[in-house]
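Let's walk through this model together, one neighbourhood at a time. Please have the sequence and the coordinates open as you read.

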Amino acid sequence: MHRRWLAPLTVCAVLFAGACTGDSPKPAASGAASSAAPSAVPSGPDYAQWSAGKSTPVADPVYPGYGNPAVDVLHYGLELAWAPETKTLTGTATIQLRAAADLTEVKLDFSKAYAIDGVQLNGAAATGTVDGTKLTVAGAVAKDADAELVVKYHGTPATVPMPSHRNDVEPLGLTVTADGGLWTMQEPYGASTWYPVNDQPSDKALYDIAVTVPAGWSAIAGGTSKGHEGNTFTYSTTVPVASYLTTLAVGKYQQETAAGPRGTPITLWYRAGADDKALPYLRKSPQYLAWLEQRFGPYPFDSAGVLMVPSASGMETQQMITMGLPTYGSDADFKTGFDADLLHEYAHQWFGDAVSPTSWNDLWLNEGWAQYTQFLYTNERDKVTAQQWESWARGVDARLRKQLGPPGKPRADSFAESNVYICPALMLHQIHKQIGDAAFFSLGADWAKANRGTAQDRASFIAFVNQHTGKDFTALINTWLDSPTTPK
């Protein structure tokens with residue numbers, strides 16, 4: 001996610017971010033399922049094909065109302081249809097999951113904006129009810145057993161408030177536009193506004209998404225495009241995705257393609273007229289990826305791209321970055337800012353997407369790396385020295401810690417505010433100064449490569465840094481994450 005900053009150091013004006021096929025699914029008959037014994041797993045599904053989606057879910061301490069640590073979703077198969085004339089989203093979610101604990105019922109996050117048309121658990125009809133933000137499905141699943149849950153639903157998407165004071169705060173989740181289109185940004189939660197989901201960062205899963213839209217419209221989602229047949233667009237992932245990193249948009253889009261380093265396919269989706277100012281930077285995508293690969297190793301996914309939406313912010317949605325077009329004060333400011341924003345979101349593909357945080361306490365692990373990488377890029381671009389930048393950044397850091405607290409334990413009502421960007425970026429700079437360019441970039445590259453597809457936390461990061469460098473950075477990292485004032 002990005003956030004706009006106008007630095008007092010004029011040569012270092014920067015942006016930094018806080019960051020179905022065919023017919024619509026038909027209702028299935030619903031009925032009660034016994035919870036007296038674990039549901040029998042049908043012989044059909046081969047759960048080994050979704051083994052890459054296995055996670056170790058934990059309860060999120062910042063937003064405990066979302067997510068279920070007793071459920072490990074392996075794969076989401078989403079068949080969606082959008083009818084703009086009635087603003088109706090119709091969906092069938094086929095979810096393969098593992099019980100991380102003995103379950104007497106299956107609970108996932110889901111919006112009460114939808115009517116439930118039918119539920120099946122392991123092929124048997126089940127009851128499913130939505131209360132608040134939770135879908136509860138009757139039926140037991142034994143610990144470590146696999147199960148398949150199918151939920152059919154329809155309704156008009158409704159967003160939820162974002163718990164932040166940022167200047168680009170918008171409602172979270174699937175948003176309906178005035179002309180009948182759709183778009184979403186959903187960090188830290190909001191995926192549940194369009195499908196049943198374990199909406200917490202520690203449970204990463206594989207995805208297959210098919211979206212049917214009216215003729216002349218396009219549907220864009222995260223993952224690698226598998227093309228479209230008729231009016232149905234399909235996307236698939238091979239590396240697990242955290243729910244907040246999924247994306248969906250429907251509209252009358254233009255499409256361009258490009259090739260990145262090593263032939264990585266890049267797809268650019270934009271709205272003619274509305275996004276014209278962004279096009280020169282979207283077309284720089286191969287250059288951004290090349291700059292990042294030179295420092296942090298190969299791009300970690302099968303494809304890349306950017307999707308433009310009518311938002312004031314931007315989001316590192318996996319493989320398909322979702323970018324808004326904020327209002328900049330001048331063309332020069334736009335040229336400086338959007339360029340930096342887009343580099344920031346591409347950097348997140350290594351830091352935050354390939355490797356995600358276990359809980360929202362560790363948002364700094366995403367944003368610190370992406371923000372520091374952005375500063376390295378803009379300092380190089382604008383000929384700002386490391387000493388000039390650190391002098392400026394320390395002044396900002398001091399104000400942020402006083403206003404928002406240290407980055408290691410962010411406030412629940414202040415999500416993705418600036419302390420989780422600049423403060424850990426300065427921490428990484430201290431490590432960089434001590435070990436030098438070659439060792440620092442090797443550290444970042446190896447962190448992303450060794451942990452691709454997983455969720456990590458502070459402890460695992462500290463252990464990795466110490467092992468990789470042969471030095472003990474424990475005290476330095478903890479001090480920079482926990483100190484109420486800027487460390488010396």
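Arginine 271 and aspartate 275 are both buried, where buried means under 20% relative accessible area, exposed over 50%, and partly exposed in between (1.4 Å probe, protein chains only). Their side chains meet in a salt bridge, at 2.6 Å from N to O; the term stands for a side-chain nitrogen of Lys or Arg within 4 Å of a carboxyl oxygen of Asp or Glu. Before going further, please note that this is a predicted model, in which local features need pLDDT of at least 70 and side-chain atom pairs count only at pLDDT 80 or more, while totals for chains, interfaces and linings use all residues. Residues are numbered from 1 along each chain as its sequence is written, and side-chain values use heavy atoms, with hydrogens and water left out.

Let's stay with aspartate 275 for a moment. Its place is the loop between strand 17 (265-270) and helix 1 (279-282); helices (H or I, at least four residues) and strands (E, at least two) are DSSP runs, numbered from the N terminus. The relative accessible area of aspartate 275 is 0%, so this residue counts as buried. Setting aside neighbours within four places in sequence, aspartate 275 contacts Tyr270, Met308 and Leu325, contact being heavy atoms within 4.5 Å.

How many salt bridges does a search of the whole structure find? The search gives 15. One of them joins the side chains of arginine 166 and aspartate 168, at 2.8 Å from N to O, and both of these residues are buried. Another pairs arginine 401 with aspartate 397 at 2.6 Å. These two partners sit in helix 5 (residues 386-404), 4 residues apart, or about one turn of the helix, and both are buried. Shared partners also link salt bridges into one network made up of Lys284, Asp339, Arg381 and Asp382.

Now turn to two packed helices. Helix 6 (residues 419-450) and helix 7 (residues 458-469) pack at an angle of about 110 degrees, their axes 10 Å apart. Axes here are lines fitted to C-alpha atoms, for helices over the stretch in contact, and angles run from 0 to 180 degrees between N-to-C directions. Helix 6 and helix 7 are therefore roughly perpendicular, a label for angles of 65 to 115 degrees, with under 35 roughly parallel, over 145 roughly antiparallel and the rest oblique. Among the residues making the contact are Leu428, Ile435 and Trp447 of helix 6 and Phe461, Phe464 and His468 of helix 7.

Helix 7 itself deserves a look. Its 12 residues should span 16 Å at 1.5 Å a residue, and its end C-alpha atoms are 16 Å apart, which agrees; the expected span is 1.5 Å times one less than the number of residues. Arg458, Phe461, Ile462, Phe464, Val465 and Asn466 are the buried residues of helix 7, and they pack against helix 4 (363-382), helix 6 and helix 8 (474-482).

Threonine 358, in the loop between strand 21 (355-357) and helix 4, counts as buried at 16% relative accessibility. Beyond neighbours within four places in sequence, threonine 358 has contacts that include Val58, Pro201 and Asp457. Serine 218 lies in strand 12 (residues 218-221) and is buried, with a relative accessible area of 11%. The C-alpha atoms of serine 218 and valine 250 are separated by 5.7 Å, although these residues are 32 apart along the chain.
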